[in-house]
Every structure is written in structure tokens, then in C-alpha cells.
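Open the model in a viewer and keep the selection panel at hand. The stops below are meant to be taken in order.

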Amino acid sequence: MVEFATPTILPAPLRPADEVMQLERLGSLPASRLSFVRSLVRQMARQRWQISRTRFDLNAQGHGIAIYRLQTPQGRYHGVIFSQHLEDDQRSDRVIAQAWDVTFGVVEGDVDDALLEQMAANVPLQEAGRQHPRLLVLSRANRSLRNFAHFVAALSTGRQPDPAGLTRVGYLYRTTAVYGNGKFGIADFVRLQDNPDFHRPFSAQMLAVYLLRHFSIEQVEHIARCQAPESAVPMATELRRYLGIGNSTGLGMAPFLINHPQLIQQWVLCRETALALALGQAPDEESRRRLIELTRRAMHHLAQTVTEDAEQGARNAATVAALPEVIAWLEEVPLEADLWQQLVAWSARTLPLEAQELVNTLLIELYPERVDALEDRMGTDERLELTPDMPLVRLKQLIETHDDWALAEDFTQPEARHWFWYRSAEKEEPRLGVRGVEPGAEKELPLAIAPRVSRTHAALSDFLDAHPRALVVEFLIAHPRHKDIVRRIQTMAETPYGEIRANLWHRDMKPMHLLRTKLAFFGASRFDPKSDRWVRITLFQGAPLVEELNAEPRDLADFDDWSFPLEPEGIMHERDQGVGDTP
Amino acid sequence: MKASYNELQGLCRKAFIGMGFEEGDAADAADMVAWMQCFGLGGLAALNRGLDFLLDDDPDELPSVLYQDGDLAVVDGHGQSVLRSSTLALELGFAKARARGLSVTKIRHCHNRQLIMGYLARLAGRGMNVTAFWRNAQQPLTEQVVGFRANGSAPEIRVYAVHEIPEENEPNDGITLVMANHVDLLPAMRSDYRYDLLARHDEADLLACRHRSLAEGIEVDEAVWERLKQLANRMLVEATEASREGAGAGTNDND
């Protein structure tokens, strides 16, 4: 008789910040089930949110106004979309653009005539308008012309569009900014902190994007119907699901990651806690089978991800090449209690970074009942505070313990002080310039934390030599310009994550990693860098549709299972057979 | 026009940086202005009144400690705005109160004193009871007391004219601060001496005002707003063709 011992497994510790907060690793993160699009969709389904169309005044070209109502158990909101003709030469992803194919906002409460009039006069102007304080989100988007034309042409002639178009570019519309938190007069985020629907970071923005996705489906079908009322067909459900919304992001996203260290700490902590919880589980055959299935899906998804960027293409290819090894490993290794910890240890030794983080993401996916509660911990009250009565020698120790990564850099080397960050007079767009070559270094944004920490460490070390018993406040009264960085160091020393461990001045620093870090937490897929500081991604591709949400799904786990979507097969073939053919 | 809190704070911060404030001072000063404006206490007007002085302040003339012992400090603000000179003096008082239970801090020679309230709110948020006292005018002699309970977000404010004017009535451009770890020192007007209450702001009224500001937006004077924008623009770098290439996406994205 075989005796089975109760599996014992040591709880997995959180990974050290020295590993997790390396910029390149952060820049390798894929979206996870804690990403904002995923948690929003779960919340909508769990709480039975309902979305209905209350106005759809579009002309044959799809221009006009559409309004969608969102009813939650707690409140009512409206997505208001203005669609207009745009000349091709005005279609730009840059923040310096001045007109867009669609502009839209999410309003708290009802939209009466006066509010609609105010919005019609201001929302299309975006940054140049004065927006209403009941607007929670302000955004705009441009068409992907090729996809749009193909979809209209196919649907109007009774055919389904080729899904390969959505594999190349996963959307009909691409947003170029999604503003929240008080920008241009809209509501402050602090107003949402007690709002049960949108208190999580960026959840209102993600809802705005989700509504735009629904609009894009309805609009393209409408245009096709107007063009050919007799022959037009609606889009196939699989194709609708495969349709996301694009986003084009440049350096503008980078300052956020540096200016909100407490929020970044919270996001990374939640993800790392989720991973540690997953690693603390003893697998069974069912969870092993599920992990293999998810790995296969992610592998196919990445194999179908198109990018012209050579570096990202190579990273995708390396991950796709590595994943069969993961599957083979999972199939061959005996089912021991600490299998997941073995897997992660093996993966850290043998797999490329993106594949490592993908495996971690898939492990998190296995245990919704354990990790999903973390989605309510992604927000935090942000405030960096001074501890003036701290002995200065203690601050020195904190820097040497927590910020050794910053002290390790030699800022006298030209490559270590290559870039400077600044805001351009053109719509305050953040840009990078080469120090000593391009003008503006004297107006540098203080985004590079490492050189600031290093300078402060040197100054306080000198001060300590003369005043060994000094308090932090006494040092600051003598050297007040260090106040900002000192309170950041003191506040962040209480947390493991938050500071991205990179010298943002360094010649080899890749801004793309910063952008991807934030986008991964949003829930982006299909990373398609267009340069080292500009990337296009897709949101909500594969997500459940509005009509599926409105049907109040019973199986919430199935509803939530939409990560790493794959190109639907057989749609054109089936539909082509169905159009005009009599069996 | 209406602005959001975040927008007001952000613009002020950029404007202060444009005026030559260090990053930390700019953030604190912006918080102080936005805090007052949000509570309906005229932060922008107070800033506007002191703006020309502020632009003339020498940023390198640092506040200096004239005297200090374990629980008392006297700081010279060198005639600068509290936006520039007060935060570290307040932190010094905070450190002493933490160590000794109660501290008294005197900041001499400073202007724009109303604006200090926003930083007092921050200290209160860190669990400190804070009371500030200053004299506004000599004829009639008016005094202002602002008291925050530890962890309270809104103060009790009293402004009053005193009837009996002391012989020594020199202009007083200082602030006296009392901080206490455990007891609150809110202004309860129970004096036997005669006074006329000129203004009274209670915690509840101020919190209601803040709630309205966040729901309906904060009314701001367009001229002041424009002036702040111009100051903020000082930190922007003129665009060049090279800088446009360094920014990201193309200028035409038809695809």
C-alpha cells in the first residue's frame, strides 16, 4: 500500500526589489489578471452592469453623436461620443494633434441638453477646451484607416472581414490620450475615491475605452448598412470579440511612473503578492493541465503578434521558442507539492526575461480565488512626507540600504549623464534631449532619481562629518534643495517596491521599458514599438462584448477567461458559404 | 472659470518652478495655494497679492535659525513669502514637538501669511495638533488664530479686532506656532477682554466647501490663471525639428 504524505510546501517569499524593479524586467511584463482591463470586466460582470444605447445620430459616413448609458447597482453614467470627418493630413497620434476622428467622455450622472451642448463645444477641442466637472474621463481616437475601410467594404457586401487584419492591427480605433484626474477641468480622482464603481486606479478610463470599442463595432456596421442596406451583414460575434481598441503612447507616459512611486509600489506589490500566493499552492493534475493549456494559448497569441520592431520581434520570437520547453517541462516533471516553485526557479535559470514573466503571469491566472481580492489594493493615498526628527545618520543608512542601486552609478561618466528630460513648448509634451548637444538642459525635469539620491547622499555625508548628531530637519535647513528627494527617500524606504532601479540619464536607458511597465498594468497586449519611445498596443482584444455583459453571464470564470486572444478561424469561410449559397 | 483641484495644484507647481522654486518648495507652495482655494479661503487671491513680492524674493536668501533649544525655535524668514520660507521652520517645530510634547516656533519677517494654512493642514494630517497666531493690521489691531486638530483636515479659524491696543504696537510680520503631540489647542473665544469677531470659519463649513469644490469645480480668476500659465511656460523648452523627432510618434499616422 502506498502512503501519501500531506504535501508540505514552504510559503514563497516576495521577490526582492533588486530583481523585480530592474527596468528591463519591468519592461518585460505582460498583462495579468490583476491588470485594470481584466478587473474592470470582472467587476462589470459580477455586479451586473448594464450598457444601453440612448442616442445614435450618425450620418451615412458615421459622423454625429452617440450616447451610451451605463447603469451599475450604485450609479448611472454616460459615454458621450462625437464623431467627425477628419482630413488625412490631420490624423496624428501625437499629443500635439488638434483634431481627431472621434472625441469622447464619460459623464457621471445624466446628460441633459445643456451639458450636451457644453460638451459638444468643448470635448472635440480636447486640451484646448474647458471641460465640465462631471466628466470623469476625456479621450480621443483616430481610425485605423486600412482596417476601417476593409471592414466597411466587407460588411457592406455581405462578407465577414478577414480576421488577419485584426491580427496585424487589433482595432478600428486607436486612442492617443485617455485623460482622468482633473485634466482640463474634468473631475478630480479624489472624487472617485468613495465611488464604489470607479475607485480603482484607471477604472473609469478603462470603461471609456470599453465603450469606444462597442461604438466602433456599431459604427462600422452602421456605415456598412448605409452603404448597402440590402446586402450588409452584422459582424460575426467571434470577430467582434477579437476587435480591441488601440492606444498609441509616447514619452508622455514616462513621468507618471516616476512621479507616483507609491502607486507603482502598490501595483508591483499586488502582482508580486499574487505570484507568491500562487507559488505557495500545491498543484494538482487539473491545475497542471490548465497551466499547459494557458501556456499554449499565450504561445500562439505571441506567435500571432505582429511588430515591425526588430528588437520586440526578437523578444517575441525568443518567448515563442522557449514556451515549448515550458510545456515539455510541465508534462515531464513529477507532480510535487512545490512544483510551481521548481518551475519558477528553472525558468529564472533558463528562459529569457519575457518568458519568465509570462510564466509568472500564467501562474497567477491559476488561482483567482486567492489573488483577485488584491485588485482592491491597487490604489493608495499618495503623499510623500518628511520625517524631520529622524537622525541624519539613520537617513544615510536608509540610502545605503535601499538606494544602493543609485549610489552604484558613476555620474562623472558621460554615458551616465547622457539624456535629459524636459517639457516642450508644444503642448507640454515630455521629450528627451542629449545633454550638451540639444538646448533646454537648464529646464530639465527631475525625473532621474538616481543622480538626485547620489547628490543628497554626498551632501549629507559631508554635513554629518561636521554635525554627527544632526537631525534630518537641521540638514535640510542648511541645504533646503534636498527636501524633495529626502522625503521621497524616507517615505519609500518603508516599502519594498516603488523606485524603478535605473538611471534615467543613462545613454543605454530604454524609455520603452517605462511605457510597457504602465501599459502592462493597464492590460495591454500586442506591444508594437514604433521607435524606442513610442509604442502602439491593444486593449480589450478578446474581451466579452456588451451584449454578453448585458445577458448577465452565469459562469463568471468563463466570462473572465479572455487573456491572450487568438485569431478566430473559419469565419470568412463559413460566412462566404452562407452568403448567396443554397446548400 | 472653473478648474479642478489637480489642475490648480499642477499649474501652481509649474508656475512656482518657473519662478525659480526648488522642486520640493514648488510642490509644497502649490499645495498651500490649492488647499486654501479648495476650502474657499481665497488661496489664489492671496497668491496674486503677493506675487510681485514673490518674484522679487532672492531664492538664495535662505531662512535662518536665530535661536533654538529643545522646544523653542526662532526663525528669520528674511521678508520672504511663507510659500518659500516656512515649510522647514514648521518641520523644525514639528520635530521638537515630537521630541518634547510641545513646541513653540516663531517665524519672523515673512509675508503672505494666510497661505501657511495649507502646510499646517499637512502637519495635522501627520498627527500633530497645530495652532498658528499672527497679527494682520495695527489700526484697528486684528489678530488671526488658526487651529488644527491632529488628523483633522479642516481648521477652526478666528479673525478678530481687539479693543484695547497695547502701547507697543509695532508692525508685526511674524507668525507664532504652537504644536502639541497630544492636546488640541483650538481657538475657543472665551476671553474677558473685549474684541469684535470679524471672521469665523468652522471645520464643518470648510469641509462642506471642499466637498462643493470637488463636485462642481473650483472657481478661479482667469487673469490670475493666465499669469500663472505664463510663469509655468518659463520651464518649457522651445521646439526644434530635432526635438520633435525625439518625442515619439510621427506627425501623420494614416495606416
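Which hand does the crossing of helix 11 of chain A and helix 14 of chain A have? Before selecting, note that the model is predicted, that local features need pLDDT of at least 70 and side-chain atom pairs count only at pLDDT 80 or more, while totals for chains, interfaces and linings use all residues. Residues are numbered from 1 along each chain as its sequence is written, and chains are lettered from A and ligands numbered from 1 in the order in which they are written.

**Stop 1: two helices of chain A**

Select residues 285–303 and 353–365 of chain A, which are helix 11 and helix 14. Helices here are DSSP runs of H or I with at least four residues, strands are runs of E with at least two, and both are numbered from the N terminus. The crossing of helix 11 and helix 14 of chain A is right-handed; that is, the near helix is turned clockwise from the far one by less than a right angle. On the side of helix 11 of chain A, the contact is made by A:L291, A:L294, A:T295 and A:A298, and on the side of helix 14 by A:L358, A:L362 and A:E365. Contact means that two C-beta atoms, placed from the backbone, lie within 7 Å.

The axes of these two helices come within 10 Å and cross at roughly 135°. Axes are lines fitted to C-alpha atoms, for helices over the stretch in contact, with angles from 0 to 180 degrees between N-to-C directions. Helix 11 and helix 14 of chain A are therefore oblique to each other, as angles under 35 degrees count as roughly parallel, over 145 as roughly antiparallel, 65 to 115 as roughly perpendicular and the rest as oblique.

**Stop 2: the core**

Next, select A:A208, B:C12, B:V33, B:L115 and B:L120, the residues with the most contacts inside the largest nonpolar core, which has 226 residues. Such a core is a set of buried Ala, Val, Leu, Ile, Met, Phe, Trp, Tyr and Cys residues joined through C-beta atoms within 7 Å. Buried requires 20 or more other C-beta atoms within 10 Å of a residue's own, exposed 12 or fewer, and partly exposed lies in between, with C-beta atoms placed from the backbone. Helix 7 of chain A (residues 203–227) gives the most to this core, with 13 residues. Leaving aside neighbours within four places in sequence, the contacts of A:A208 include A:G79, A:F104 and A:V178.

**Stop 3: chain B and its side towards chain A**

Of its 255 residues, 44% count as buried. Now bring chain A back; 41 residues of chain B are in contact with 55 residues of chain A. Helix 5 of chain B gives the largest share of the side of chain B that touches chain A, seven residues.

**Stop 4: single residues**

Where is A:N181? Look in the loop between strand 6 and helix 7 of chain A. A:N181 has a positive phi of about 50° although it is not a glycine, and A:N181 is buried, with 22 other C-beta atoms within 10 Å. A:D194 is in the loop between strand 6 (171–179) and helix 7 of chain A, and counts as exposed, with 7 C-beta neighbours inside 10 Å.

Finish at A:F540, in the loop between strand 11 (534–539) and helix 22 (546–550) of chain A. Phi of A:F540 is near 65°, and A:F540 is buried, with 28 other C-beta atoms within 10 Å.
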